[in-house]
Amino acid sequence: MQVPAPFEYERATSVEHAIGLLERLGSSARLVAGGHSLLPMMKLRLANFEYLVDINDLRDELGYIRIEPHEIRIGALTRHRELLESDALAAAFPIFRDAEKVIADPVVRNWGTLGGSLCQADPSEDLSAVCTTLDGSCVIRGSGGERVVPMTEFHRGPYETAVGDDEILTEIRFPVRPGGGSAFEKVERRAGDWAVVSAGAAVWLDGDTGGTVADARVGLAAVGPNTTALPAVTAALAGREPSEELYDEAGRIAARDCSPDTDMRGSEEYKRHLAGELTTRALRRSVERARQGRG
Ligand SMILES: Cc1cc2nc3c(=O)[nH]c(=O)nc-3n(C[C@H](O)[C@H](O)[C@H](O)COP(=O)(O)OP(=O)(O)OC[C@H]3O[C@@H](n4cnc5c(N)ncnc54)[C@H](O)[C@@H]3O)c2cc1C
């Protein structure tokens, strides 16, 4: 199929308007942001909705990157291209620019959004791994008000999230802590393709101890039903001096704790190998950046 089934289309004029439409139309309606995930699924008849509510006119309310001393807030309608090009974001969290350089192509990046990426809940979505790594929190708004859901609870399974049929993801928040560095690594079969495996890492070094790991997080994509946070890596690194042996140890944990399937992108064994190797590399680069004071 190359054309979707017929649907009604409405452009929301505000977040409140979008929520009102979703409440009225129920599960037969879906929001459309960049449309780069939803429309292909509708064309392939993998998804059928009677109504699409277009939120692209809500840039004032939902399209922003706000850098504050202790928190970074990014609106759900912020596009891949804006995440790629923001120098302020790259200074605080270079993992975003690393990831955006290897997500899709310019056409997709010009329209695709952070909110759409997270809400699609594709297990291979690179930005979900980034937000998991950075301990992001998702702000979800409905007619009853706002609630904040941590990334670790946002995805409920492949293509399922904590966002209800009559709710909208408005913002993702990230804590900013001193001594941090972050990086993203990905193996893809060809430029712009989905990940065979990708890995994000973030490390915060302890200023008082001269550089032991105060905290570290790793997030993997394409090796489980959703992007995978690895608490065992966090536990293994806490309080330790960064070293090649430590990065290798973390890589072995990542390879052990992920749950990839064999598919057309590679065997389970190959993906476990990649999860370990990419974790090792991402952690090494995160520590280098933390030591250089480069976010
Ligand atoms: C050719 C191609 C290559 C790609 N390569 C990659 C890649 O390498 N890595 C990668 O990670 N991704 C890749 N993608 C996916 C791309 O990043 C996502 O499709 C896109 O960014 C999703 O965002 P969107 O705004 O287009 O979402 P849409 O398609 O508009 O929406 C996706 C889903 O999210 C919902 N939604 C959107 N916004 C909200 C919101 N604010 N609140 C609640 N629900 C919402 C929609 O209702 C829909 O269910 C690729 C896509 C294409 C087409």
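## Ligand shell

The ligand is surrounded by 29 residues, of which Gly34, Gly112, Gly115, Gly116 and Cys119 are the closest; a residue is counted as near if its C-beta atom, placed from the backbone, lies within 6 Å. Two or more residues of this shell come from each of strand S2 (29-32), helix H7 (106-111), helix H8 (114-120), helix H9 (126-133) and strand S10 (168-175). Helices (H or I, at least four residues) and strands (E, at least two) are DSSP runs numbered from the N terminus. H8 contributes the most to the shell, with five residues.

By residue class, the shell comprises 15 nonpolar, 10 polar and four charged residues. Here Ala, Val, Leu, Ile, Met, Phe, Trp, Tyr, Cys and Pro count as nonpolar, Asp, Glu, Lys and Arg as charged, and the others, Gly among them, as polar.

## Basis of the model

This is a predicted model, in which local features need pLDDT of at least 70 and side-chain atom pairs count only at pLDDT 80 or more, while totals for chains, interfaces and linings use all residues. Residues are numbered from 1 along each chain as its sequence is written.

## Domains

The chain is assigned domain 1 (8-54), domain 2 (59-175) and domain 3 (180-290), with bounds taken from an automatic or database domain assignment. Domain 1 and domain 2 each supply at least three residues to the ligand shell. The centres of domain 1 and domain 3, taken over C-alpha atoms, are 35 Å apart.

An unreviewed UniProt entry lists residues 2-179 as "domain: FAD-binding PCMH-type"; such annotations may be inferred rather than shown by experiment. Over residues 2-179 the chain is 37% helix and 25% strand.

## Helix H9

Because eight of the eight residues of H9 are buried, this helix is largely enclosed by the rest of the structure. A residue is buried if 20 or more other C-beta atoms lie within 10 Å of its own, exposed if 12 or fewer, and partly exposed in between, with C-beta atoms placed from the backbone. Just after H9, Asp135 takes a positive phi of about 60°.

## Nonpolar core

The largest nonpolar core has 82 residues, among which Val197, Leu220, Ala254 and Ala275 touch the most other members. Such a core is a set of buried Ala, Val, Leu, Ile, Met, Phe, Trp, Tyr and Cys residues joined through C-beta atoms within 7 Å. Strand S12 (residues 195-205) provides the largest share, eight residues.

## Gly157

Gly157 lies in strand S8 (residues 155-157) and is exposed, with 10 other C-beta atoms within 10 Å. Its C-alpha atom is separated by 9.5 Å from that of Gly224, 67 residues apart along the chain.
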